[in-house]
Amino acid sequence: MLFRRGVLLILLLTVAGQAAAQQEEPQPEGIQIGLSTDSVAITSDFAGTNLTIFGALDNADPLVSLQGRYDVIVVLEGPPRTTVVRRKTRVLGMWINTQSVAFRDVPASYSVAMTRQPQDITDPASYSRLALGVDNIHLRPLDASNAPMTIEEFTAALRQQKEVAGLYVENVGGVQFLSRTLFRATLYLAPHVPVGTHKARAFLFRNGTFLRETSAPLTIRKAGVEQRIFEFAQQQSLLYGLFAVLLAILTGWLGRLLFRRD
Amino acid sequence: MGIYLPIAEMSVNMVVLLAMGATVGFLSGLFGVGGGFLITPLLIFYNVPPAIAVATGANQVIASSFSGALAHFKRGTLDVKLGLVLLAGGLVGSSLGIYVFAYLRSLGQLDLMVSLLYVVLLGSVGGLMLVESMRAIQRARSGQGASLRRPGQHNWIHRLPLKMRFRASKLFVSVIPVLGIGAVIGFLASVMGVGGGFIMVPALIYLLKVPTNVVVGTSLFQIIFVAAYTTVVHSTANQTVDVVLAFLLMVGGVAGAQYGTRVGQKLRGEQLRALLALLVLAVALRLAFDLFVKPASVYSLAGGL
């Protein structure tokens, strides 16, 4: 009996020791995302789409998973572009663009998906440190000599205009855990999503603490005829112009043949 | 039915564009105008960026004026020589217009300029036409014949030097005003995306006293070339011509035009002019409304430098 008790005790001790060891230096959690494709093609019937990104947690603590204390935020960031914000004021009764502020490296689009309401994931300070979320995108004016008040107003306007255009969107509940470690993010792409190299980024949080970030590039391009027309217009613009004229003349001539009215 | 426009980079409804083209085609067949002055504002109302609306409008104008000019050429109501002199001026004006277009675009004042030009020109041309056609309708009611051309009546334009004879138009006039009118129309064509028929026709009738029957054909003839030139230059300088958009409008326009012509034959000239005047004024008012009423947002975004 005594012997048995001793074994049990040793066993318990061993278990406790292992648990303690795990708490002392747990394998760090990691996050991975996989894109089913490295490019999204915009075809002639493109009217916006949902992009699905799958991802997995490495070394997730089962207990934390069980309690649902892991949170994931996935962002698809459009190519950085210099963007000019213009403000109209009333001149002689007319609304005319009078002031403008140019911003550098503004993400052309910014689509966010997250597991739950942003305030339930982490605190505002973390969001602003990570420059994460529509309200925290880092926006810097090209020329910093403007009055701070003006810059602040124009920055807010830039965000608002992008949101109105559907280019900056947040999808709360857009990230769902399929199993303890596997998750799926659904990101909304606007019908006029800018083409170019986008960056998919995933952020992992545990109990409100930021753990790790991973990213993968994604190219959004026009497909087929649209792509060829666009390239043609950009690279051989003279020929393109002549082609446009020829097409118009042909249409006019055919129209006259088909719908002769005299 | 959505379709993605490769240059405008937006998804639009194909049916809406075909209907838009057909409506404008109907009106252009009805009134004998190119319809550019309707297409460009309509595209802007449909949220197509103004720069693309203007350049694509010019492209669409080629199709309608080519098919119209062919008809006039067969009927012999086209003064090729007068058209060519107008064209010479037109090319100069158009080049200047493209330069101004690119400059205004970089300043962020293109939308304003396009709207202002539309409001001022459509407003004044529409107003003048309405007054003139109302008088003509009154004259017709009181039994007097209406005539726009009063031979023997000369104004200062006919005293200018460098005279040239235009046989088909039975005209002997200085080339200076002809070149000048061509240049102004060319400038407007490239800045506004119009053929300029709605200004060219009254200018030829009232300023140069060109007989009404050759005016429309000649105006259409030179518009083909100015619009073609404008299209090519816009596409090389600004890359703003969207052929997919232009093609949809052309197809709708060419089909709609024949019905317009049929209906137009049943209406009287002065009634047609009064209706056209009302239409032109309506477009001007709609654009003025946007200019003078506080916009939903005073901010707007534009691409970088």
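**Domains, helix packing and a sheet**

Student: How is chain A divided into domains?

Tutor: Chain A has domain 1 (26-222) and domain 2 (224-253), with bounds from an automatic or database domain assignment. This is a predicted model, in which local features need pLDDT of at least 70, side-chain atom pairs count only at pLDDT 80 or more, and totals for chains, interfaces and linings use all residues. Residues are numbered from 1 along each chain as its sequence is written, while chains are lettered from A and ligands numbered from 1 in the order in which they are written.

Student: How far apart are the C-alpha centres of the domains of chain A?

Tutor: The centres of domain 1 and domain 2 of chain A lie 36 Å apart. Five residues of domain 1 are in contact with five residues of domain 2 in chain A (C-beta atoms, placed from the backbone, within 7 Å).

Student: Switching to helices. At what angle do H7(A) and H3(B) cross?

Tutor: Roughly 40°, with the axes of H7 (residues 237-258) of chain A and H3 (residues 50-75) of chain B coming within 8 Å. Axes are lines fitted to C-alpha atoms, for helices over the stretch in contact, and angles run from 0 to 180 degrees between N-to-C directions. Helices (H or I, at least four residues) and strands (E, at least two) are DSSP runs, numbered from the N terminus.

Student: And what is H7(A) doing against H9(B)?

Tutor: H7(A) packs with helix H9 (residues 243-266) of chain B at about 15°, the axes being 10 Å apart. H7(A) is therefore roughly parallel to H9(B), whereas H7(A) and H3(B) are oblique to each other. Angles under 35 degrees count as roughly parallel, over 145 as roughly antiparallel, 65 to 115 as roughly perpendicular and the rest as oblique.

Student: Which residues of H7(A) touch H9(B)?

Tutor: A:Ala244, A:Leu247, A:Ala248, A:Thr251, A:Gly252 and A:Gly255. On H9(B), the contact residues include B:Phe247 and B:Met250.

Student: Now the sheet. What is the strand order in chain A?

Tutor: E2-E13-E12-E4-E7-E9, an open sheet of six strands with mixed pairing. Two strands pair if DSSP finds at least two bridges between them.

Student: Which strands stand at the edges?

Tutor: E2 (39-42) and E9 (168-172) of chain A; each has a single partner strand, so one side of each lacks a neighbour in the sheet. The twist averages 20° from one strand to the next.

Student: How many bridges join E12 and E13 of chain A?

Tutor: Eleven, between antiparallel strands E12 (residues 196-206) and E13 (residues 209-222) of chain A. A:Ala202 has A:Thr214 as its bridge partner in E13(A).

Methods:
Contact = placed C-beta atoms within 7 Å.
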